[in-house]
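Work through the exercises below with the sequence and the model open. Each task is followed by a solution in steps.

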Amino acid sequence: MIRRAGDAGFAAMAVAAAGAPLQASAGAIMKAEAAPDFGPSVLVLDPSMPGGEVQAAIDAIFAEQEGAHFTDRRFAILFRPGRYTADVRVGFFTQVLGLGAMPGAVTIDGHVRVDAGWLQGNALANFWRGAENLTVRPPGSWNRWAVSQAAPYRRIHMMGDLVLDDGGSSSGGFLADCRIEGTIRAGSQQQWYSRSSRIGAWHGVNWNMMFQGVEGAPATTFPDPAVTTLLRVPLLREKPFLQVDAAGRWSVFVPALRRDAVGTSWADGPAAGSALPIEHFFLARPETDAATLNAALARGQHLLFTPGVYRLDAPIRVAAANRVLLGIGLATLQAVNGTAVLEIDDVPGVTVAGLMIDAGAERSPVLVQVGPRGSDGDHRGNPVLLADLFFRVGGVEVGRVETCLEINSHHVLADHLWIWRADHGDVDGTRVHVGWDESTGDHGLVVNGDDVTVHALFVEHFQRYQTWWRGNRGRTYFYQNELPYDPPAQAAWMAGSTRGWAAYKVDDTVREHEAVALGVYVYFRTNPQVVLDSAIEAPGRPGVRFRHVTTMSLGGGVGTIAHLVNDTGAAARPGATLQRLRAYP
């Protein structure tokens, strides 16, 4: 929350006190004093504030976060409805949110941008940030959003072109419910998923570009160039968002289900859904423990996690239907006692969104469990939603887990997941916490429930099956995977008699499954002689289908994937690093 700084003024306070609570001069922020108390890491801006103070506050956050790859600092910048002139540079662990019912309620005359100047134009590590619910009018009619994983771009009306790189490499990304008036210029982006949006045009294709329900998207041309376009999104629910109305009433808007979606949810006015008053939410702080969070849920409250790192000694337990757990500012929940972070009963309508989930040093069997094993409820009319959930195992601290995310309930929707066992730590090498025997993880995602759908699934570097699908009628729309970089030898990475563990495993018991636009990449830097027999393992029956599969041996051939699906397809290897498969079977 913005607080007063007396006559000294907000700008001087923000610039001079790195890490201190962000504050505002008394005369500038009459309306914002009515904001809920979100804590010192949430900056609430009002159009009546002097432009210099707004810019100074934004710049002060960016100065701390530009290269803060593994910091515990978290920030959210909230714009009340109105018009602003500002240059909003978005660094690590920073989320920029408009507070209107429509993206047009907040207009930024300037950039809302991500560059990669901190790493000489290389955006491969530009993770963990986001922008939502804004109209952006950039100078020169173009804006840069040079990101890789875990950097969602949602509900943005861009009045110009959108550039997705900064001259160097980039490996993203996710765009949803946006209207881009100009051209999206992919540049070096290796892969990208765009959903239920409207764009002027798209330029540039590399490894795996997928469009779903996007007006203006290019036609399918896989494998050359590697574009996959589906006309509709059969079923989705957009991520909830904070809003404040003209009377100063705060709420969290929960969008309704959409079926056969094309274009944005707000094309014809405010989207269908319901507004939950902020008074119905418990506003959690990083020091809040699991017992307090569970007591709030037992009272019938929802949870809103303000920015920070929550070290939890017991699981958060959701027992009632329709609960909303929403994080802002990349709020991060970490297991510290070898337990789960979150356990959800087999109940409908629960939404978990905008959270990072970290493994702790004591091995957890699972970090997030949706439904207990054996769940059998029918939730097709009111599915659970998981949106913008990002998992980390290692990198910042030692992490150990068996499975990051286990979905046992039926009819779950997931929308943008990045599940990551760390392949690197701090760029300066001071806190690495990676290694085959140090930060360990068996599986990223295990799905036991039926009728589970995932849009934009990123899973990387786990030591056994990266994704293991055991429920029927699952759907994956876009998949990006890098195998573990660090198997020390073939004998250390065997699934029984099979060389290696598949990047995407569909269990032999599954009768129906479909996955579209999958990319699996290998870089066995510890031992390039290691081989994975097949990127995808699945039962060979007509109801189990894969379309548009890519494998690649990175670094010019550092490791081998012998086949794309089962024993089908040529090896991605030194001398033949890129392989494609249109369909299986």
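Both phenylalanine 92 and phenylalanine 93 are buried, where buried means under 20% relative accessible area, exposed over 50% and partly exposed in between (1.4 Å probe, protein chains only). The model is predicted, so local features need pLDDT of at least 70 and side-chain atom pairs count only at pLDDT 80 or more, while totals for chains, interfaces and linings use all residues. Residues are numbered from 1 along each chain as its sequence is written, and side-chain values use heavy atoms, with hydrogens and water left out.

**Exercise 1.** Classify the pair formed by tyrosine 485 and tyrosine 523, and state which parts of the chain the pair links.

Step 1. Rings of Phe, Tyr and Trp (its six-membered ring) pair if their centres lie within 6.5 Å; planes under 30 degrees apart count as stacked, over 60 as edge-to-face and the rest as tilted.
Step 2. The two tyrosine rings are 5.2 Å apart centre to centre with 75° between the planes, and the pair is edge-to-face.
Step 3. Tyrosine 485 lies in the loop between strands S40 (474-482) and S41 (494-495), and tyrosine 523 in the loop between S44 (513-522) and S45 (531-532); the pair links distant parts of the chain, 38 residues apart. Strands (E, at least two residues) are DSSP runs, numbered from the N terminus.
Step 4. Tyrosine 485 is buried at 11% relative accessible area, whereas tyrosine 523 is partly exposed at 28%.

**Exercise 2.** Find which charged ends sit over the rings of phenylalanine 92 and phenylalanine 93.

Step 1. A charge sits over a ring if NZ of Lys or CZ of Arg is within 6 Å of the ring centre and within 35 degrees of the ring normal.
Step 2. Over phenylalanine 93 sits the charged end of arginine 74, 3.9 Å from the ring centre.
Step 3. Over phenylalanine 92 sits that of arginine 129, at 4.3 Å from the centre.
Step 4. Both phenylalanines belong to one aromatic cluster, whose members include Trp118, Trp418 and Trp420.

Key:
Helices (H or I, at least four residues) and strands (E, at least two) are DSSP runs, numbered from the N terminus.
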